Amino acid sequence: MNKKMNSSFSASAAIRSRKSVRTYKPLLLPAEKKAELEEFATSLERPFSPRVRLVFLDEDFFQARTGRKIGTYGVIKGARHFIAGVVEKGAKDLEQVGFIFEKLVLYATAMGLGTCWLGGTFKRSGFERAAAVGSSEMLPIVSPVGYEAEKKSFMDSALKVFSGSKKRKPWEELFFNDNYDSPLGEDVAGAYAIPLEMVRLAPSASNKQPWRIVKEGTEWHFFMEYSRLVNRSVGFDIQRVDMGIAMSHFELAAAEEGLHGCWKLRDRASLPFPEAGQLRYIATWFPAPAG
Ligand SMILES: Cc1cc2nc3c(=O)[nH]c(=O)nc-3n(C[C@H](O)[C@H](O)[C@H](O)COP(=O)(O)O)c2cc1C
């Protein structure tokens with residue numbers, strides 16, 4: 001595989017250029033590209049315990065296993081390859097699969113490939129069969145991977161307009177200093193301004209951008225603004241996947257800035273910012289001690 005690419009992969013460049021691609025050239029990936037993606041997928045570190053399997057499925061394999069074509073309700077056109085995210089059920093399972101899957105999405109982006117997170121518009125049962133999902137596992141999300149077509153399908157263009165996919169919320173709605181009433185300025189964020197900006201640019205289900213981050217001293221508390229509508233429409237807390245994506249962007253961009261640390265769970269009772277309204281606590285970033 002291309003080791004050079006793996007080590008020089010710029011996550012922030014990939015974050016800035018990634019977008020949902022729903023129309024593909026009907027081409028198979030060269031074997032070495034597929035192998036490179038698969039190898040990258042096995043090397044990923046994870047913040048929580050549940051095991052994740054990233055399963056590569058191409059149209060022929062899918063048909064052989066299920067007797068059916070890959071189904072995405074017409075949302076994805078032309079794609080010959082998909083990746084399914086399968087996670088062992090357990091605490092922080094959905095955050096974990098979001099965290100890991102996004103790293104692969106960004107790596108694919110850096111390789112010049114298109115992807116599109118799908119949590120709702122795909123036929124889950126066929127994918128579950130093709131990926132041999134066990135009773136202790138779940139398959140919340142999939143993505144096509146391949147070469148973007150020059151001309152978008154009608155559905156692709158319509159979905160982009162419908163989801164307002166280019167828009168992102170401003171800083172003052174997302175990042176806070178000490179309490180929810182005090183927006184965090186870029187000057188106060190200091191070196192963490194870039195990791196926060198990378199969170200702001202992240203993809204999310206229905207583009208709801210549920211992440212809310214509160215700075216307390218040197219710690220960064222991640223909360224989720226829960227939308228009943230978004231989560232109920234798919235039947236599980238898909239916004240916890242969004243939170244895993246946000247954590248992934250934060251950690252990758254922080255590492256590029258030389259800021260290292262780790263994820264920990266604060267005891268809810270000891271949180272300085274209690275869960276309020278629809279705000280649910282997810283995890284805290286603790287910077288590594290300097291030196
Ligand atoms: C967890 C998750 C689930 C998603 N599910 C779907 C889906 O089922 N169908 C779809 O067309 N897009 C889906 N999307 C794509 C979002 O609509 C898209 O990321 C968002 O509108 C921002 O646009 P962008 O990805 O082009 O930046 C999903 C995104 C995420 C992160």
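Reply: This is a predicted model, and the protein is divided into domain 1 (3-150) and domain 2 (171-287). The C-alpha centres of domain 1 and domain 2 lie 24 Å apart. Contact between them involves 19 residues of domain 1 and 24 residues of domain 2.

Helix α5 gives the largest share, 8 residues. By class, this side has 9 nonpolar, 6 polar and 4 charged residues.

Now the ligand. Domain 1 and domain 2 both give residues to the shell around the ligand, so the ligand lies between them. The shell holds 22 residues. The closest are Trp117, Gly119, Gly120, Ser165 and Pro203. Helix α12 provides the largest share, with 4 residues. By class, the shell has 11 nonpolar, 9 polar and 2 charged residues.

Next, the surroundings on each side. Take α5 again, the helix with the largest share of the domain 1 side that touches domain 2. Helix α5 (residues 93-110) also packs with helix α3 (residues 31-42), at an angle of about 150 degrees. Their axes are 10 Å apart. The crossing of α3 and α5 is right-handed. From α3, the residues involved are Leu37, Phe40 and Ala41. They meet Leu104, Tyr107 and Ala108 in α5. This contact has 6 nonpolar residues, no polar and no charged ones.

Then the sheet. An open sheet of 5 strands runs in the order β5-β6-β7-β9-β8, with mixed pairing. Strands β5 (175-177) and β8 (261-264) stand at the edges, each with a single partner strand, so one side of each has no neighbour in the sheet. From one strand to the next, the twist averages 25 degrees. Within the sheet, β7 (residues 219-225) and β9 (residues 279-287) pair in the antiparallel sense over 6 bridges. Trp220 stands opposite Trp285 in β9.

Back to the ligand to close. The shell draws on domain 1 and domain 2. Trp117 and Pro203 are among its closest residues, and α12 contributes the largest share.

Terms used: Residues numbered from 1 in each chain as written. Predicted model: local features only at pLDDT ≥ 70, side-chain atom pairs only at ≥ 80, totals over all residues. Axes fitted to C-alpha atoms, helices over the stretch in contact; angles between N-to-C directions. Helix = DSSP H or I, 4+ residues; strand = E, 2+ residues; numbered from the N terminus. Left-handed = near helix turned anticlockwise from the far one by under 90°. Contact = placed C-beta atoms within 7 Å. Nonpolar A, V, L, I, M, F, W, Y, C, P; charged D, E, K, R; others polar. Near = placed C-beta within 6 Å. Domains from an automatic or database assignment. Pairing = 2+ DSSP bridges.
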